[in-house]
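Student: I have a model open in my viewer and would like to walk through it with you. Could we take it piece by piece?

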Amino acid sequence: MGTRLKIIALGFFLLFGLLTVRLFFWQIIRGRELGNAAKGQYETGRQLSAPRGNILASDGDPLVARAEGYLVFAEIPHLKDDPKAIAEKLAPFFTSDPNDRQAFLIEIDRIANLLSKKETVWVPLKQKVTAETKKNIEALGLAGIGFEKQELRVYPEASAAAHLLGFVGKDEEGNDMGYFGLEGYYDLALTGRAGYREREADAKGTPIMLGNNKEITALSGVNLITTIDKTVQLTLEKKLKEGIEKYGAKSGTVIVIEPSSGAILGMASFPSYEPDLYWNYGNEYFKNPAVSDSFEPGSIFKVFVMASALDAGVVKPDTKCDICAGPYKVDKYLIETWNQKYNPDETMTEVIVHSDNVGMSFVANQLGADRLYDYLDKFGIGKLTGIDLQGEGSPQLREKGSWNVVDLATAAFGQGVAVTPIQLIKALAIIANGGYSVTPHVVQKLQGDLWSEEIKIKPGQRIISETADSDIKAMMVEAAKNGESKWTNLRGFPVAGKTGTAQIPIAGHYDENKTNASFIGFSPADHPKFAMLVILREPQSSVWASETAAPLWYSIAKDLFVYFGIQPEN
């Protein structure tokens with residue numbers, strides 16, 4: 001009997017020891033982990049997104065605005081219908097094309113799988129549905145289906161200025177994030193500061209009314225007041241699309257800038273995309289060609305080389321070219337004029353009017369490679385402009401000191417040098433405004449609920465002298481009136497301009513049948529209200545800019561003359 005009691009006592013002792021060790025393991029070693037898990041069963045927390053700032057035109061009209069939207073969610077314990085039946089009722093509201101049978105069936109399966117997760121209390125079903133969709137879903141009377149207020153990005157002008165604006169997508173954690181354009185560049189300011197909500201709930205997920213509920217209010221993002229003139233922007237969009245169709249161009253870009261300040265008044269590129277349906281487009285549509293793409297500019301580049309030579313004092317408007325009687329041999333290459341016509345002893349003004357490649361080689365020789373490099377650097381060629389748009393690129397100039405005689409000669413007429421459209425419009429603004437550098441910019445003011453702040457733009461430095469600037473302007477006026485595109489010139493209107501036809505380099509040589517056609521100009525010539533660049537890539541109706549880009553430039557300018565109140569001379 002005593003032995004049996006001892007065995008029983010020993011058994012109790014061992015059982016108590018095992019129980020003590022087990023409790024030590026759960027309470028001490030894994031105590032914090034299990035405590036957090038238990039807390040998570042009755043406490044739920046959720047980040048509250050901040051209202052995103054609007055993007056407004058210069059007159060305050062919205063280019064992008066926030067609107068009321070909703071997250072559709074399901075509280076699994078409260079569902080009364082079969083998950084498949086609920087999914088079949090919700091799927092038509094969640095698919096972009098209800099007639100797409102395959103997409104419809106995939107959406108049913110997706111929703112049904114989410115609703116079948118019995119271990120989950122709360123599950124999101126669809127982000128950012130409209131108020132109208134919410135109303136239609138509510139009419140179904142589905143128990144356990146609820147809504148949480150979110151916000152949508154709406155575009156009053158549809159796809160207008162899409163490249164300039166960018167879009168709002170999701171980051172890796174599922175939060176809203178701006179991509180490309182203004183949405184990307186100013187994402188932090190537009191986003192604001194998120195809030196947080198924490199609440200206690202019972203085992204079924206029902207909130208405990210007297211439980212510990214906390215909420216940190218989200219702070220709204222700021223509004224961006226841009227320099228974009230909506231009338232100018234819509235004009236560019238309409239005219240550029242018409243021009244691309246008329247001339248059979250592969251793509252095109254137009255930029256309008258206020259020369260005195262660097263403010264971008266309008267910027268358009270095609271092909272484009274719809275920011276509110278960005279997921280339907282490939283990544284190649286999203287980058288902004290106006291700030292990201294580079295190309296060899298051709299003859300529009302001549303005005304910057306000539307302006308540099310005038311400022312350096314190595315030529316004057318009446319300086320005569322002593323190599324312009326025929327083709328000019330450089331190393332093993334022969335430089336010719338675009339129309340095989342030569343003008344012995346032509347002046348520098350005539351070189352610009354005739355768009356003479358040989359004459360520009362003469363100018364480059366007078367200037368020299370190192371000095372030309374320095375001037376191009378001052379004009380902003382080969383470096384970022386600093387424009388406030390995400391995705392700006394900048395092809396580099398060939399390293400100073402490494403230019404040979406061929407590099408010098410071809411750069412003089414815009415070959416062998418790559419630029420972006422935004423670099424060209426910045427350089428053009430320097431000539432248009434009297435010789436001062438500018439910083440192209442799109443946003444002029446940040447606006448909060450009770451405050452606003454002007455964006456300070458660094459004052460420009462003088463790049464070329466007043467005399468050189470006056471001389472190159474006069475040359476451009478003559479080119480607009482009497483150059484190869486003179487037939488497009490609106491007689492009486494004071495325009496300074498220049499065409500550019502650049503063959504496209506392919507596999508180590510230039511393709512004579514593929515060109516980039518461009519036209520730069522500003523008006524009025526003496527005190528410009530706007531400067532504009534037009535680029536058409538690979539137009540099919542004609543390889544010449546005088547027959548494609550120039551007439552498109554004047555077609556747009558005709559509307560801008562009226563809008564800006566520019567009157568014909570005399």
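Student: Which residue in β7 stands opposite Lys170?

Tutor: Happy to start there; this is a predicted model, in which local features need pLDDT of at least 70, side-chain atom pairs count only at pLDDT 80 or more, and totals for chains, interfaces and linings use all residues. Residues are numbered from 1 along each chain as its sequence is written, and side-chain values use heavy atoms, without hydrogens and water. Strands β6 (residues 167–170) and β7 (residues 176–179) run antiparallel, joined by 4 bridges; strands are DSSP E runs of at least two residues, helices H or I runs of at least four, numbered from the N terminus, and two strands pair if DSSP finds at least two bridges between them. The residue facing Lys170 is Asp176.

Student: Which residue in the hairpin of β6 and β7 takes a positive phi?

Tutor: Look between the two strands, where the hairpin has 5 residues. The phi in question is near 85°, and it belongs to Gly174.

Student: Which are the edge strands of the open sheet with 5 strands?

Tutor: The order is β12-β11-β19-β18-β17, with antiparallel pairing. An edge strand here pairs on one side only, which picks out β12 (263–270) and β17 (496–506).

Student: Which residue in β19 does Gly521 stand opposite?

Tutor: Strand β18 (residues 509–523) pairs with β19 (residues 530–537) in the antiparallel sense, over 8 bridges. Opposite Gly521 you will find Met532.

Student: At what angle to β19 does helix α18 run?

Tutor: Helix α18 (residues 549–564) lies across β11, β12, β17, β18 and β19. Angles run from 0 to 180 degrees between N-to-C directions, using axes fitted to C-alpha atoms, for helices over the stretch in contact (heavy atoms within 4.5 Å). For α18 and β19 the value is about 150°.

Student: Is Met306 buried or exposed?

Tutor: Met306 lies in helix α11 (residues 302–312). Leaving out residues up to four places away in sequence, Met306 touches several others, including Val315, Met348 and Ile472. Buried means under 20% relative accessible area, exposed over 50%, and partly exposed in between, with a 1.4 Å probe and protein chains only. Because its relative accessible area is 0%, Met306 is buried.

Student: How far apart in space are Met306 and Leu367?

Tutor: In sequence, 61 residues separate them. From C-alpha to C-alpha, the distance between Met306 and Leu367 is 9.4 Å.
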